[in-house]
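User: I am new to this entry and would like to understand the terms used to describe it. Could we go through them one at a time?

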Amino acid sequence: MQSLSEIQQALRLALASDVLYGVINARVALRTGIDLRNFDMKDNRNDDFVKKVIEALESLGFTMQSLQAVASKNAAVAK
Amino acid sequence: MTPDTFRRAHSTATTPQAVAADLFAQFGNLEPRALVLFCAPTQDSVGIAHEIQRKWQSVRIVGCSTAGEISTQTFTQGGVSAAALGADLVGMVVTTVARFDDGVKVGVARAVAELEHRLGQSLKTLSPEKYVGLVFPDSTHGTEELLHVELGNHAPFITFVGGSAGDNAKFLDSRVQSGATSTARGAALMVLELKRPFEIVKGCHYLPEPGSKGHLVTKATGRMLYELDGRPAAEVYAENLECKVEELSYANTARRPAGLLIDGQPWIRQCGPPFHVEGAVTLGCEIAEGSRLHFMRSSGMLVDHFKNQMDGVAKRLGRIEGALLFDCALRRFELEATGTVEPYRDSITYPAVGFHTHGESLLGHIHQTLTALVFG
């Protein structure tokens, strides 16, 4: 995943509820300074920010593989 | 028949036996599954726990020392507040102390392993709709941030809520305990299975100016904030607080606290002494480089914000059966400065127990906030 918006969308799909999404977002934001619910679009493809968020999510147990799988499945369903 | 849910008690007695007798009298005939115990630093909290365990061998106790004790319409310093959680409120309950003598990561891992062994399952698999954690870290070793990172890694979905143990704002010797085991370097943890609806509350009446972009944290290490927007942090603070760098103190930083904005909500990062060191600012809480720090203003009176927020919680839950309140000591100072301690205290009309903290816990370490676990 190469942008914050891709990660944001995949995480939303992976988490069943908005409440859980809020919890994980707060954990990530406290660790990285990046609020996936409210970031400046000029930072969307900032490699350093994307890397920080991916590292934080991986330490919370979210692999990029699993998030990408969820995103791909959703894209296939949408088609 | 009154359900066995939540009973609150408060004591200003000075011996463990007398305190325990006070608590038992107020708990009535409720036999608790869990007991949350907040003791002034001058109290013998281990002795009190021993007395409680002599009466109820199987009760799980968790708690810490305070910067002031809270219960329904009662604020004290030097006392004990305690909540008994009964079988109609609580199912499984496990508790332990995470000791940090070998480091936070190791201490949390050991504690989590113990909790999971007793629960019979991983914390990762617990439903956040039924399980909640309580956490009381010590406030004198600067370990709260890493504690929450490690807890989050072990249990990303359930929320641990609580506050840092106090010692009446001396920051020398705070204590946390599980059962009759106490430590000055670690965190007390409890995981509860709840049988009634509940809400986790975060209350803070500070918000940034509308449209505020905040200041970019360009250099920070641990709790030292070196630069904002590439400039010495102390200068940026002084400009925002309209004072000189040498005048930075609790008086002005508490009036306009700075913090993060996450999903529109304030997460305060307060300063502490020494407030400025060669252009840097000492925070009581780590902040990540790349964060945006916003200077905030009060959105109204603290007492009104608290009342409105708890009224909202009561509406959503139907009623407040009981509340555990973890209220920053800085909020009490604000109440004292504005002469509003009594209306705030008197607005707590429901069964409640809590303490004034040296920092609050909710997914991370925060300041100048109320965190709470409220049962419906």
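Analyst: Let us begin with charge: chain B carries 35 positive and 41 negative side chains, and the centres of the two sets lie 4 Å apart. Lys and Arg count as positive and Asp and Glu as negative, while His and the chain ends are not counted; each charge is placed at NZ of Lys, CZ of Arg, CG of Asp or CD of Glu. This is a predicted model, in which local features need pLDDT of at least 70 and side-chain atom pairs pLDDT 80 or more, whereas totals for chains, interfaces and linings use all residues. Side-chain values use heavy atoms, without hydrogens and water, residues are numbered from 1 along each chain as its sequence is written, and chains are lettered from A and ligands numbered from 1 in the order in which they are written.

User: Why is helix 4 of chain B called largely enclosed by the rest of the structure?

Analyst: Buried means under 20% relative accessible area, exposed over 50% and partly exposed in between, with a 1.4 Å probe and protein chains only. In helix 4 (residues 144-154) of chain B, 8 of the 11 residues are buried, so the helix is largely enclosed; among them are Leu147(B), His148(B) and Leu151(B). Helices here are DSSP runs (H or I, at least four residues), as are strands (E, at least two), numbered from the N terminus.

User: Which residues of helix 1 of chain A are buried?

Analyst: In helix 1 (residues 4-14) of chain A, they are Leu4(A), Ile7(A), Ala10(A) and Leu11(A). Seen down the axis, these buried residues fall within an arc of 130°, so they line one face of the helix; the arc is that of the directions from the helix axis to the C-beta atoms.

User: How much of chain B is buried?

Analyst: Of its 376 residues, 60% count as buried.
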